[in-house]
Amino acid sequence: MTNPHMPPPATWPEAFARLPLASPAAGGWDAIAHRLPRATPRPRRWPLWTALAASLLLAVALPVRWLAPDAPAPPAPASDVATLQNESARLEALLPLLADDRVASGTAALMSGELELRLAEIDAGLGDPALDPQARERLWRSRVDTLLALVQFEGERSWLAAQGSRFDTALVQID
């Protein structure tokens with residue numbers, strides 16, 4: 001109830017301070033908790049065989065990649081650099097359609113930021129006018145590879161969000 005002899009409040013905090021204090025009814029939470037549905041165990045998202053297959057793939061694929069000799073690439077003709085520039089432009093146009101920076105986990109934001117930082121370093125290298133053609137082609141190839149990784153990462157994040165999931169680097173989940 002308002003007091004007719006008291007002037008109206010000047011600020012919101014003053015108005016809220018004048019409200020009467022409310023106390024909850026006794027046993028209120030018990031009544032609400034009784035009506036809530038019982039928690040059901042969540043189905044396992046990562047069965048044991050999936051984690052085993054992923055670890056086996058990593059155990060076989062990584063050493064093979066490490067042991068493969070890196071053959072030097074022949075210098076690329078100018079048309080190959082133009083192809084890389086077109087591919088870079090296509091991927092860069094696709095990226096804003098996939099990226100959603102409104103909500104991201106810390107891990108996803110870190111990975112996306114690292115890829116964008118790598119792109120910035122490559123762009124700084126491409127800005128050097130004294131760059132020889134082979135180094136320019138390597139930088140453009142690296143730029144396309146980094147953009148492709150970023151597009152795939154953002155696409156994966158979008159797909160996971162559409163499925164009601166999120167990007168998480170954990171291999172297993174313990175309930």
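How many salt bridges does a search of the whole structure find? I looked this up first, and the search finds seven. Here I count a salt bridge when a side-chain nitrogen of Lys or Arg is within 4 Å of a carboxyl oxygen of Asp or Glu.

**Entry: ground rules**

I am working with a predicted model, where local features need pLDDT of at least 70, side-chain atom pairs count only at pLDDT 80 or more, and totals for chains, interfaces and linings use all residues. Residues are numbered from 1 along each chain as its sequence is written, and side-chain values use heavy atoms, with hydrogens and water left out.

**Entry: confidence**

I checked pLDDT, the predictor's confidence in each residue, from 0 to 100. The protein averages 77, and 71% of the residues score at least 70. Among the elements, helix α1 (residues 12-17) has the highest mean pLDDT, 89, while helix α3 (residues 48-67) has the lowest, 61. Helices are DSSP runs (H or I, at least four residues), numbered from the N terminus.

**Entry: Asp80 and Arg141**

I found a salt bridge between Asp80 and Arg141, with the closest N and O atoms 3.1 Å apart. Asp80 sits in helix α4 (residues 78-98) and Arg141 in helix α6 (residues 133-162), so this pair ties together parts 61 residues apart in sequence. I also noted that Glu137 joins Asp80 and Arg141 in a network of salt bridges.

Next I asked how open these two are to the surface. By relative accessible area, buried means under 20%, exposed over 50%, and partly exposed in between (1.4 Å probe, protein chains only). Asp80 is partly exposed at 24%, and Arg141 is partly exposed at 35%.

**Entry: Arg143 and Asp123**

I then turned to Arg143, which forms a salt bridge with Asp123, their closest N and O atoms being 2.5 Å apart. Arg143 belongs to helix α6 and Asp123 to helix α5 (residues 106-126), so the pair links parts 20 residues apart in sequence. Arg143 is buried, at 6% relative accessibility, whereas Asp123 is partly exposed at 35%.

**Entry: Arg157 and Glu154**

I looked at one pair inside helix α6: Arg157 and Glu154 are three residues apart there, separated by about one helical turn. Their salt bridge has its closest N and O atoms 3.3 Å apart. Which are they, buried or exposed? I find both Arg157 and Glu154 buried.

**Entry: Phe16**

Last, I visited helix α1, where Phe16 is found. Phe16 is exposed, with a relative accessible area of 55%.

Technical notes. Helix = DSSP H or I, 4+ residues; strand = E, 2+ residues; numbered from the N terminus.
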